[in-house]
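Dear colleague,

Please find below the structure that I am handing over to you.

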Amino acid sequence: MKVTFAELDQFLQEQFPQGAAFGQLQALGDGWAEMGLEVEDRHLRPGGTVSGPVTMGLVDVTLYAALLSQIGLVPMAVTTNLNVNFLRKPVAHAPISARGTMLKVGRTMAVGEVFVYSKGVEEPMAHSTVTYSIPSKI
C-alpha cells in the first residue's frame, strides 16, 4: 500500500473537501476502500429514494480512494468513465456504504468496481465500474 488510512483521510479532507458530501472513508487496504454516507433528506429524490448523483458521488470517491491506495497521493488521477447499474431501491433514511476494489492498475489507466449497499439490506443496491486516467510522472 502506498498510503496509510490516516494519510489518505487527511489528503481527502485537505485536497478534496467537497468529497465529504459523498461519504467518509471507513476502511482502506491495498487496492480497496470502503466509504459510508449517512443519508439525509437532501440526498433523497422524489419518491423517497437516494438520488442517482449521490450514489455516483459515493462510488467515485470510493474508487478514487482505492486507486490512491495503490498509486499514492496523485491528485490529478481523474475519472474517465463511470457506469452504474441501480439494482434495487435503498432504504430511504438508512446509511449507505460502498466497497471499491481495483481490478487493474496500469501506468496510465486503472479500472475498478464498486458495490453499494443500503444498511440492513444484504443485496447491493448498485454496482459500478469506473475507469481512471493516471497522469504521467513528470
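In strand E8, Tyr132 is the bridge partner of Ala110. This pair belongs to a model that is predicted, and the strands concerned are E7 (residues 109–118) and E8 (residues 126–133), which run antiparallel and are joined by 8 bridges.

Both strands are part of an open sheet of 6 strands, ordered E1-E2-E6-E7-E8-E5, with antiparallel pairing. The edges are taken by strand E1 (24–29) and strand E5 (78–86); each has a single partner strand, so one side of each has no neighbour in the sheet. On average, neighbouring strands of this sheet are turned by 20° against each other, direction ignored.

Helix H2 (residues 52–71) lies across E1, E2, E5, E6, E7 and E8, and runs at about 45° to E6.

Turning to the protein as a whole, there are 2 helices and 8 strands, which follow the pattern α-β-β-β-β-α-β-β-β-β along the sequence. The radius of gyration is 14 Å, close to the 14 Å given by the globule rule for 138 residues, so the protein is as compact as a globular protein of that length. Along the principal axes, the C-alpha atoms fill a box of roughly 50 × 25 × 25 Å.

Of the 138 residues, 43% count as buried. The protein exposes about 7300 Å², of which carbon and sulfur atoms supply 54%. Among contacts between residues at least 6 apart in sequence, 65% join residues at least 24 apart.

Yours sincerely

Technical notes: Residues are numbered from 1 along each chain as its sequence is written. This is a predicted model: local features need pLDDT of at least 70, side-chain atom pairs count only at pLDDT 80 or more; totals for chains, interfaces and linings use all residues. Side-chain values use heavy atoms; hydrogens and water are left out. Two strands pair if DSSP finds at least two bridges between them. Helices (H or I, at least four residues) and strands (E, at least two) are DSSP runs, numbered from the N terminus. Axes are lines fitted to C-alpha atoms, for helices over the stretch in contact, and angles run from 0 to 180 degrees between N-to-C directions. Contact means heavy atoms within 4.5 Å. The radius of gyration is taken over C-alpha atoms; the globule rule is 2.2 Å times the number of residues to the power 0.38. Buried means under 20% relative accessible area, exposed over 50%, partly exposed in between (1.4 Å probe, protein chains only). Accessible areas come from the Shrake-Rupley method with a 1.4 Å probe; for residues, only the protein chains shown count as cover.
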